[in-house]
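Please keep the sequence and the three-dimensional model side by side while reading this report.

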Amino acid sequence: MTDTTFQEETIIRTSGSHNCGGRCIVKAHVKDGRIVRITSDDERPDTDKRPQLRGCLRCRAYRSYLYHEDRLKYPMKRIGKRGEGLFERISWEEALGTIADHTKRIMAEYGPEAIYLSYATGNAGKTSEQVWMRRLLALYGGYLDYYGTYSSACTNAATPYTYGTVNSGSSREDWVNSKLIILMGFNPAATIHGTNTAYYLKKAKEAGAKIICIDPLYSDTAVALADQWIPIRPTTDSALLDAMAYVIITENLQDQVFLDTYCLGFDEDHMPEGIPAGNSYKSYILGTGTDQVPKTPAWAERSTGIPREIIIQLAREYALNKPGALIQGFGPQRHAYGEQPSRSGAALAAMTGNIGIKGGWASGCGSPCRKQYVGSIPINNPCKAAISMYMWPLAIQKGTELGKREGVRGVDKLSANIKLIFNLAGNCLINQHSDTNGTAELLGDENLAQFIVVSDHFLTSSAKFADILLPGDNFMEREDIVLPWSAGDYVLFMNKAVDTVYECRNGYDWIRDLAERLELTAEFTQGKTLEDWLRFIVDETRKENPGFPSYEEFKEKGVYDWEYEEPAIAFKEQIEDLRHHPFPTPSGKIEFFSSRLWELDKPAEVPAIPKYIPAWEGPEDPLRGTYPLQCIGHHTKRRVHSMFDNNDWMEEAEAQVFWISVYDAKKRGIKNGEKVCIYNARGKVILTAKVTPRIMPGVVSIPQGGWWSPDKEGIDQRGCINTLTKYQPTPLAFANPQHTNLVEVAKLDQMEAEK
Amino acid sequence: MSKQIAFYVEQKHCTGCSACQIACKDKHNLPLGQNFRQIHAYEGGDFTISGNVVYQNTYAYWIPVSCNHCVDASCIAVCPSKAIFKRQEDGLVLINEKSCIGCRRCFAVCPYQAPQFDAANGKMKKCDFCQDLLQQGTAPACVSACPMRVLGYGELSELQKKYGDTSWVKGLPNTAKIKPAWVLVPHRDAVDV
């Protein structure tokens, strides 16, 4: 765990445990109890087979976060109105007593479905606060659970209707075998969607792959790696993919043998029994089905903004340069009908026969098909009800009216409205959710959500809505075990680098004390310390993984890599031997047509085959007459969602600015560096404009994650995209449509003059 | 030719991620406003709109820039207190803090804005190639931090043999006279084809 280098510096091996697409080795250099420097993976050999797990700017700047003067230091209780941000210091004793009282009362009065642990990813360790609170509440009688994520809910829901699983991703090491890589809304250079993902793309390029980026933005990844940037209007990816399918079919470039062998519902000859004619994918694409509209490149250029000749070129290149990888990021699925592009992409991968082969890519969700087992803290929630993570505002207002039609799982109908919220290390209560103004009003009503507990490092926008606000420890101050969530065959041990400061506490410590107040100490702890639990996780892991090191060795090295001879190829088994390895779908095939979706009987919004559905507040919405610009909130390198928004080093590396194209700025007389007001019917944001050729005309962006900071008139002064987003769940996943917003922009001085 | 240590920048694949800038800032404990390595961003081009469709001729690229320990460094020539010197054994351009009077002439003359004024002690500071790390046989902080592996270092003549002798791309000031000790593999948009 420790090795002493020159001088008296001790180096502690750890990793970031906050939510991040990457998971890297972080080494804290500690001197006199303080971290004096942070380095990353710079000692292990940096090989092709196992590139070092190098941290990005975010963890490297952690000192400026760890020692930030605004850190929450003591437990506090609210003294002002909810959301006002006025608090008073109290003791842990009082804080936990109050939480225990409300928990007892609400459990007794309303039952477990009134207690909600909101979506929170600020601590993604195996022993985070969230884990312990789940364990405690499960023992106390249960809690209302959620499913899905704000990142990927639509593709998580939709991809299994095609493949039967979300694990449609091969290993990134395999990209060197691709002749062509198409990145649709995928920007790993900034999102760090997997440590080294952008680096693997560079290696693929060096091996000869052509890289095309389809994105409203000329992304950091595109600038560094793309041979071609194709700007596309947000929410229209399915239109582009439909038109590519049209070109491929009409030019007879599809892999017909693949389609006939592995797929259901591509054409009329391969449909499930009992479905009326004209409902196959091919009929939809050619316009011979119900809508009688051929999905030609000319049809698609109207919505996508992509010239038809480029659509034709792209379709031909993808069909003729096999193997090719059409890789979809999560951005394109965070919109009104975000379920569709995931299935449209998978359809194209199937038509070109790029599934299950080296250098191909099955598209869709793309979670790694190779997984390893790592043990977890046991949680056995007796309450079976779960809602989509995005549905909680409705569950607060009218939970008892919500049932299966609204995506409730586990029960037919909810038995209670949400009354108690635990928001532990998360900012989805306000900031990362939709419609901050509307949500603030909802949360402000103490008759609805009666009690809100928040734990965090800072007074974030969500923390302002706490009734009791608790100061959490951070990743340099605790031990834990973390896994990469997106890609990588490894697991990391986090060693504690420095002591916890002030009255900040580890989740296990204070939730154990809460367990005592609920008379569950023995059941909750099983007599174990936190270290015992970490040993338990390692023991569980070792049972399934021969060769996994002892607790001591794992802790000492800080990392364990699983060894494999070859990169994993998603659906390789199915393609090599379908009879013995059917796809995990009802038909055992790749389902262009899903009978399960057909049976939902919501064809306009949840079609049985992937379709382009024009989004409300998309490029074809008549509301563009009033609000002509599509506003998205792209991820930038400087934050993980809302984390690190308050880190000055990050502001210096990349200031929070509003992206507007040179074209749209000129029309409005906006100059680079000027203050502008971005607005729609839901809110107003004031931000400095970055006038740039790196975003397409008609589209603007407020980089997501800025902390909502309304002034007295409610005008956001920091640039929280969700001041402008609409609260409207998507039809299948009940997910967040974050990139579906129409806005107008004006120079601030002009607006003030008009007042 | 005497020894000259130099940086290598595979600029064409730089994602502008700023890990180098932050690693350097952290290593050298630099306050806000000071960065010995900085990411310079360049972008341009425009759009043409025809009916519903958009054509672009956008270009963009980054150059991660620090002191380039120039062979004929202009900062040395202008320093009135002879605080800046070129070290014989490796060609590093270093500042003797004791002699520095903080007049900032080196800053004014440097095409890369490499020397930076430290308000805390009234002296100039800049990249020293992490000479403490070099002594231990490890790479400078920025180099080992680069997630894209586009930063490297080595003996200038060897780097030139391997990667060519480009030391200038579009956007940078003309530096032919001072012979900066770095080798660039340019971004497609940063050179005239």
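## A charged pair between two chains

A salt bridge is counted when a side-chain nitrogen of Lys or Arg lies within 4 Å of a carboxyl oxygen of Asp or Glu. By this rule Arg149(B) forms a salt bridge with Asp46(A), and the closest N and O atoms of the pair are 2.8 Å apart.

## The model and its confidence

This is a predicted model, in which local features need pLDDT of at least 70 and side-chain atom pairs count only at pLDDT 80 or more, while totals for chains, interfaces and linings use all residues. Residues are numbered from 1 along each chain as its sequence is written, chains are lettered from A and ligands numbered from 1 in the order in which they are written, and side-chain values use heavy atoms, with hydrogens and water left out.

The pLDDT is the predictor's confidence in each residue, on a scale from 0 to 100. Chain A has a mean pLDDT of 97, and 99% of its residues reach 70 or more. Over residues 1–6 of chain A, however, the pLDDT is below 50, and this stretch has 16 contacts in the model beyond near neighbours in sequence, where contact means heavy atoms within 4.5 Å.

## Where chain A meets chain B

The contact between the two chains takes 55 residues from chain A and 50 residues from chain B. The area buried between chain A and chain B is about 4,100 Å², of which carbon and sulfur atoms give 55%; buried area here is the accessible area (1.4 Å probe) that two parts lose on being put together, summed over both. In chain A, the residues that lose the most area to chain B are Arg37(A), Arg54(A) and Glu652(A), together 16% of what that side buries. Across this interface of chain A and chain B the rule finds five salt bridges.

Which residues does Gln52(A) touch, not counting residues up to four places away in sequence? They are Asp41(A), Asp42(A), Glu43(A), Arg44(A), Pro45(A), Asp46(A), Asn196(A) and Arg149(B). Gln52(A) lies in the loop between strand 4 (34–40) and helix 1 (57–60) of chain A, where helices (H or I, at least four residues) and strands (E, at least two) are DSSP runs numbered from the N terminus. At 5% relative accessibility Gln52(A) counts as buried, a word that means under 20% relative accessible area, whereas exposed means over 50% and partly exposed covers what is in between (1.4 Å probe, protein chains only).

## Salt bridges within the chains

Over all chains, the count comes to 60 salt bridges. One of them joins the side chains of Lys210(A) and Glu317(A), at 3.0 Å from N to O. This pair links distant parts of the chain, with Lys210(A) in strand 10 (residues 210–214) and Glu317(A) in helix 13 (residues 308–320) of chain A, 107 residues apart. Lys210(A) is partly exposed, with a relative accessible area of 29%, whereas Glu317(A), at 15%, counts as buried.

In chain B, the side chains of Asp90(B) and Arg87(B) meet in a salt bridge of 2.7 Å, N to O. Asp90(B) is buried with a relative accessible area of 14%, and Arg87(B) is buried with 18%. Elsewhere, salt bridges that share partners join Asp41(A), Arg44(A), Arg50(A), Asp561(A) and Glu563(A) into one network.

## One side of a helix

In helix 16 (residues 436–444) of chain A, the residues Thr436(A), Thr439(A), Ala440(A), Leu442(A) and Leu443(A) are buried. Why do they lie on the same side of helix 16 of chain A? They cover an arc of only 160° around the axis, which puts them on the same side; the arc is that of the directions from the helix axis to the C-beta atoms. An α-helix has 3.6 residues a turn, so residues three or four places apart point the same way. What covers the buried residues of helix 16 includes helix 15 (392–398), strand 15 (420–424) and strand 16 (451–456) of chain A.

## Domains of chain A

Chain A is divided into domain 1 (76–150 + 373–474 + 500–545), domain 2 (154–364 + 579–600) and domain 3 (622–754), with bounds that come from an automatic or database domain assignment. The C-alpha centres of domain 2 and domain 3 of chain A lie 29 Å apart, and 27 residues of domain 2 are in contact with 23 residues of domain 3. Across the interface of these two domains of chain A the rule finds one salt bridge.
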